[in-house]
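Welcome! Take a moment to look over the sequence and the model, and then let us walk through a few parts together.

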Amino acid sequence: MQFTDLGLAEPILKALAAKKYGSPTPIQSQAIPVLLKGKDLCGIAQTGTGKTAAFALPSLDHFARNPKPTPLQGCRMLVLSPTRELAAQIAQSFRDYGRFLKFSVEVVFGGVPINKQIRALGRGADIVVATPGRLLDLIDQRAFTIKDTEIFVLDEADQMMDMGFIHPLKRIAKLLPKERQNLFFSATMPGEIEALAAQFLNDPVKVSVAPQSTTAERVRQQATFVNQMEKQALLNLTIRNEDIDRALIFTRTKHGADRVVRFLEGAGIQAVAIHGNKSQAQRTTALQAFRHGHVKLLVATDIAARGIDVSGVSHVINFELPNVPEQYVHRIGRTARAGAEGIAISFVADDERPYLKAIERTTKVKLDIVPLPENFVEAVRNLPKAAPQRKGQQREQTPEQKAKRAEGQRRYQDQQKQQRGNAERAHRPDGDAKPAKKNFRRRRGGGGVGAHKGAVQKTGGR
Ligand SMILES: Nc1ncnc2c1ncn2[C@@H]1O[C@H](COP(=O)(O)OP(=O)(O)OP(=O)(O)O)[C@@H](O)[C@H]1O
Ligand SMILES: [Mg+2]
């Protein structure tokens, strides 16, 4: 099958040719005809097989054939993503696939000032790609409405319906119009989550290219048993021994990611970290540096496990195994994308053996067990010290956090001033200290001023 057989609008075909896409991938050829008919769909296909285009192309086609003014402070299509980086990437895919069409796309996520987003959304946008938290903030501030949404997409749908997101998602679903097309996509969809999806979908067509949780083809999957304390030495050796173009190294914690970077730097190996304790600016810079090949090693928490598409990732290294098997599928799916090959190496400590078992059970793949390298003992003995923590590695405050802190300080100073004023007036014969003091007490005690009280305590304590 060719893209021309799918009946997509000419400007879309032109954009695909410009991207040098040959023919549609299986998920694209199966999902696009269903979506062009306006039906709901739950699409399951391995990582790196073009699910983004599977939902973007028919939607762009819909806008090309049904032009309408963008709803003020609203959108015609809403795409939700679990991470900011993925939201930005999806928006970029729409721009690429729709480069010969006239439409607007906005991306909204937290960690950056909200005002710019409020201004951008004032005019409305055809397509909005968002993370749920910031989307709800915008809705709560009456800066945005989703009542005109025609197409609703959940990318990484199983994660979006998992515990961390289900409450915001339910709120969002209530605010969407009843009449809409729903598109859910992921490489994994555990049974219990699929049942939950039925709440949001209307008579959906299920397209499953491979059984859910099938790992990407062409990934060589290996595991090495090693003590947790000796993993860093193994990592340094692996990086030196393997022919790495670009590698993503996953750790279980944010602190762990920073630690790995410092040990690598101590050994003279350049790496950057990306995780939730970094400011958005640091996160963006790290991913950009990795995308453009300025750094070959990106150390990440699961923040980078889903959806992120960086070409040329030759290796994924699990410094620690994820305790949820589906997450393994997504992590190793950062390599071997769009027909490429890749290697996934997992370091398995004793207490992680049950995770390995669960992964093998879920993916129905047995990992190749690779012994420790010959010079391993020596590498452990001579492990270079970690580089000292640099200022840039410490958490930078986001503009919002800075603003919040400044607001707290301002309130504290105002209160101090007010208290000083009260004290001075109390010593004056015509002092009006009493009412003011009473007023102050009442404000402190009031429920709505709880934040005020908190701010005073917090800032006062510094
Ligand atoms: N028909 C196609 N021909 C060639 N390349 C394609 C085609 N469709 C998509 N691609 C490329 O394949 C890569 C992976 O696509 P995409 O990110 O949409 O995968 P995905 O299925 O969403 O993966 P994940 O499950 O990891 O999110 C992208 O670089 C994209 O440009
Ligand atoms: Mg994807």
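## Helix α3

Helix α3, residues 51-65, holds 15 residues and reaches 22 Å from its first C-alpha to its last, close to the 21 Å expected (1.5 Å times one less than the number of residues). Helices here are DSSP runs of H or I with at least four residues, and strands are runs of E with at least two, numbered from the N terminus.

The model is predicted: local features need pLDDT of at least 70 and side-chain atom pairs 80 or more, while totals for chains, interfaces and linings use all residues. Residues are numbered from 1 along each chain as written, with chains lettered from A and ligands numbered from 1 in the order written.

Because 12 of its 15 residues are buried, α3 is largely enclosed by the rest of the structure. Buried means that 20 or more other C-beta atoms, placed from the backbone, lie within 10 Å of the residue's own. Among them are Phe55, Leu57 and Phe63.

## The sheet

Seven strands form an open sheet with parallel pairing, in the order β3-β4-β2-β5-β6-β1-β7 (strands pair if DSSP finds at least two bridges between them). At the edges, β3 (105-108) and β7 (205-208) each have a single partner strand, so one side of each lacks a neighbour in the sheet.

Further in, β2 (residues 75-80) and β4 (residues 125-130) pair over 5 bridges, with valine 79 opposite valine 129 in β4.

## Around ligand 1

Of the 19 residues around ligand 1 (C-beta atom, placed from the backbone, within 6 Å), Thr47, Gly50, Lys51, Thr52 and Ala338 come nearest. Helix α3 gives the largest share of this shell, 3 residues.
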